[in-house]
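Biologist: I'm new to this one. Could you put it up and walk me through it?

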Amino acid sequence: MKKKVLVIGANGFTGRRILNDLSRNDEYIVTGCSLHDDIAPDSGNYRFISADICQMGEQSALFREVRPNIVINTSALSVPDYCEAHRDEADSINVNAVGQLAFRCEASAARFIHLSTDFVFNGDTGQLYTEEDTPDPVNYYGATKLKGEKRVAELCSNYAIARVVVVYGAALPGQHGNILQLVANRLRNNEEIRVVSDQWRTPTYVGDVSQGIEKLINHPNNGIYHICGSECLTIADIAYRVADTLNLDYSLILPVTTKQMGETTPRPRFSGLSIEKARRELGYQPHTLEEGIKLMFNL
Ligand SMILES: NC(=O)C1=CN([C@@H]2O[C@H](COP(=O)(O)OP(=O)(O)OC[C@H]3O[C@@H](n4cnc5c(N)ncnc54)[C@H](OP(=O)(O)O)[C@@H]3O)[C@@H](O)[C@H]2O)C=CC1
Ligand SMILES: Cc1cn([C@H]2C[C@H](O)[C@@H](COP(=O)(O)OP(=O)(O)O[C@H]3O[C@@H](C)C(=O)[C@@H](O)[C@H]3O)O2)c(=O)[nH]c1=O
């Protein structure tokens, strides 16, 4: 029997990639849901429903209509500066709506796959974090994402939490971009860009998030999985890789410290995640950063 999959946040950067990939697979009957109308109507073999998952009536109608076997939640308020200043809004979507989704999945025997972040960690380390490490977020966004994770683990008996990191790839018009796109745009316009040289990350190609999620759909275990790239490097080094791969002018990249950058929201210094569990249990195999950049820019 075909599985009915509901992708929530389907207009978002990661959600759209997951929606597109799943809707090409005959094993699934796919529905996308997002707050606004479909950003790319008639672009795939899926049904689309606009709904606000923070409104309980709309969430309940969505479940009644779709009757999903699998729910993938990619919706979030995912801009740390915004979350810092709009705490109620962040709580509403990143915590309360997630708890309601978890409750509804449990009540309807659906598997719940929920996206989370490296920002649950404080970054005060020099080693890749594993799923066993204790979270300790340093900003409000991270705190809400951690609370969301906890709601899922408490309420669901069939779930997976996928923590992803600096997701990159080609964005559709209307979606937010990412630091790799920003670097490429600036350098191509002959403009300088300041990039932090003391924040370490394991950047994730958006297609690899989709790969990991598809593996989690069909995996029997519950728990947290780190789904990201295998290379841990600073944002400045990521910028240099973009310049290298696209053959752009290195000298326009200006490495700065976090202090010099003066970011208003604190961020973890080192939040690289280990993917050993995902490799071992799921057979997850991410692209290298160079491969991901080439795919992103169609090289
Ligand atoms: N992007 C990244 O680098 C990282 C992302 N993450 C996590 O991955 C997940 C996906 O992130 P990302 O792809 O950036 O997400 P986006 O911000 O691109 O997309 C989120 C989507 O959620 C939808 N949404 C927001 N509020 C509601 C609502 N009330 N009801 C229904 N839909 C809603 C929006 O829909 P609409 O457009 O229709 O308004 C939006 O398109 C999130 O959980 C995020 O925390 C973790 C680490 C890094
Ligand atoms: C815009 C900009 C960012 N940066 C750095 C800051 C940061 O470390 C990194 C990425 O910046 P962003 O503002 O895109 O994202 P940021 O908010 O830091 O990143 C996070 O997004 C949320 C959703 C997450 O959950 C995290 O995993 C992470 O990806 O690049 C620069 O160095 N120069 C710049 O001009």
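Biologist: Leaving aside neighbours within four places in sequence, what is Ile-72 in contact with?

Modeller: Ile-72 is in contact with Val-5, Val-7, Ile-8, Ile-18, Ile-113 and Ile-213. Contact here means C-beta atoms, placed from the backbone, within 7 Å. Bear in mind that this is a predicted model, where local features need pLDDT of at least 70, side-chain atom pairs count only at pLDDT 80 or more, and totals for chains, interfaces and linings use all residues. Residues are numbered from 1 along each chain as its sequence is written, with chains lettered from A and ligands numbered from 1 in the order in which they are written.

Biologist: Which residues touch the most other members of the largest nonpolar core?

Modeller: Val-7, Val-71, Ile-72, Phe-112 and Ala-162 do, out of 78 residues in that core. Helix H4 (residues 87–107) gives the most to it, with seven residues. A nonpolar core is a set of buried Ala, Val, Leu, Ile, Met, Phe, Trp, Tyr and Cys residues joined through C-beta atoms within 7 Å. Buried means that 20 or more other C-beta atoms lie within 10 Å of a residue's own.

Biologist: And the sheet, what order do the strands come in?

Modeller: The order is S3-S2-S1-S4-S5-S6-S11, seven strands in an open sheet with parallel pairing. At the edges, pairing on one side only, are S3 (47–50) and S11 (223–226). Strands are DSSP E runs of at least two residues, helices are H or I runs of at least four, both numbered from the N terminus, and two strands pair if DSSP finds at least two bridges between them.

Biologist: How many bridges do S1 and S4 share?

Modeller: Four, between S1 (residues 3–8) and S4 (residues 70–73). Leu-6, for one, has Val-71 as its bridge partner in S4.

Biologist: Which strands does helix H7 lie across?

Modeller: H7 (residues 206–217) lies across S4, S5, S6 and S11, at about 165 degrees to S6. Such angles run from 0 to 180 degrees between N-to-C directions, with axes fitted to C-alpha atoms, for helices over the stretch in contact.

Biologist: New topic: which residues are buried in H6?

Modeller: In H6 (residues 179–188), they're Leu-180, Val-183, Ala-184 and Leu-187. Seen down the axis, they fall within an arc of 95 degrees (taken from the directions from the helix axis to the C-beta atoms), so they line one face of the helix.

Biologist: What covers them?

Modeller: The cover includes strands S7 (167–168) and S8 (193–196), plus helices H8 (235–246) and H11 (289–296). Just after H6, Asn-190 takes a positive phi of about 65 degrees.

Terms used: Two residues are in contact if their C-beta atoms, placed from the backbone, lie within 7 Å. A residue is buried if 20 or more other C-beta atoms lie within 10 Å of its own, exposed if 12 or fewer, and partly exposed in between; C-beta atoms are placed from the backbone.
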